[in-house]
Amino acid sequence: GDIWESTLTYSQIEKAMKTDTIGQEAKFRNARLAYYKGDFEWSKVQLDVLKAATSKFIANDAMELSLLIGDNMVFDTTGEALRMFSRADLWVYQNKTADALLTLDSLSTEFPETTLADDILYRKAKIAVKQARYQEAAELYLNLVSLHHEDILADNALFELADLMQFKLDKKKEAMDYYKALLT
């Protein structure tokens, strides 16, 4: 809850352990904290540095967040929609899912033409999975794939949908169809 204390701690760890995985993790957490605060430019610069991190998990997470910021800052010159989205992401991270869902719904209403539309559906589906609302998650993933089939998250949603069908909804035939669609 104390942003400045967190930033200071992460910075100290990063400086003391630059080449260690823990130092890279601290740098990532500091960049993500800047994203949550709405300091997108600084966060993106830090994330772009981390894309070359030795830990693939950190590099992948950094690349994903950097792409989210980069893709959406181009079209959202005020940054307001991305600020709302980052607030929802923070609430997901803090397990305040009701607040996150309310914010995501408000974002869709206030900015109906936002480039974050696919990200909103994806986050809502991930929340539904986390809460074991698998049928709702499947519908959200399907909606994302049908409405945003050319966006980056469409492939992720298709994979998540296939995985959900196979392991949570016990619909192996449908899962196989989605895996095939992903490959083609």
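How are helix 2 and helix 4 oriented to each other?

## Helix 2 against helix 4

In this predicted model, helix 2 (residues 21–37) and helix 4 (residues 56–73) have axes that come within 10 Å and cross at roughly 20°. The two helices are therefore roughly parallel to each other (angles under 35 degrees). The crossing is left-handed. Axes are lines fitted to C-alpha atoms over the stretch in contact, with angles from 0 to 180 degrees between N-to-C directions. Helices are DSSP runs (H or I, at least four residues) numbered from the N terminus.

Helix 2 makes the contact (heavy atoms within 4.5 Å) through Thr21, Gln24, Glu25, Phe28, Arg32 and Tyr35. Helix 4 supplies Ile58, Asp61, Ala62, Leu65, Leu68 and Ile69. These residues divide into 7 nonpolar, 2 polar and 3 charged.

## Nonpolar cores

The largest nonpolar core has 26 residues. A core joins buried nonpolar residues through side-chain atoms within 4.5 Å; buried means under 20% relative accessible area with a 1.4 Å probe, protein chains only. Tyr35, Leu47, Ile69, Phe85, Leu107 and Leu116 have the most contacts inside this core. Helix 2, helix 3 (40–50), helix 4, helix 5 (80–93), helix 6 (97–110) and helix 7 (117–130) each supply at least two of its residues. Helix 4 gives the most, with 6 residues.

Ile69 touches Tyr35, Phe40, Ser43, Lys44, Leu47 and Leu82, leaving aside residues up to four places away in sequence. A second, separate core of 21 residues includes Tyr141, Val145, Ala175 and Tyr178.

## Basis

Local features need pLDDT of at least 70 and side-chain atom pairs pLDDT 80 or more, while totals for chains, interfaces and linings use all residues. Residues are numbered from 1 along each chain, and side-chain values use heavy atoms, without hydrogens and water.

Definitions and conventions:
Angles under 35 degrees count as roughly parallel, over 145 as roughly antiparallel, 65 to 115 as roughly perpendicular and the rest as oblique. A crossing is left-handed if the near helix is turned anticlockwise from the far one by less than a right angle, and right-handed if clockwise. Ala, Val, Leu, Ile, Met, Phe, Trp, Tyr, Cys and Pro count as nonpolar, Asp, Glu, Lys and Arg as charged, and the others, Gly among them, as polar. Buried means under 20% relative accessible area, exposed over 50%, partly exposed in between (1.4 Å probe, protein chains only).
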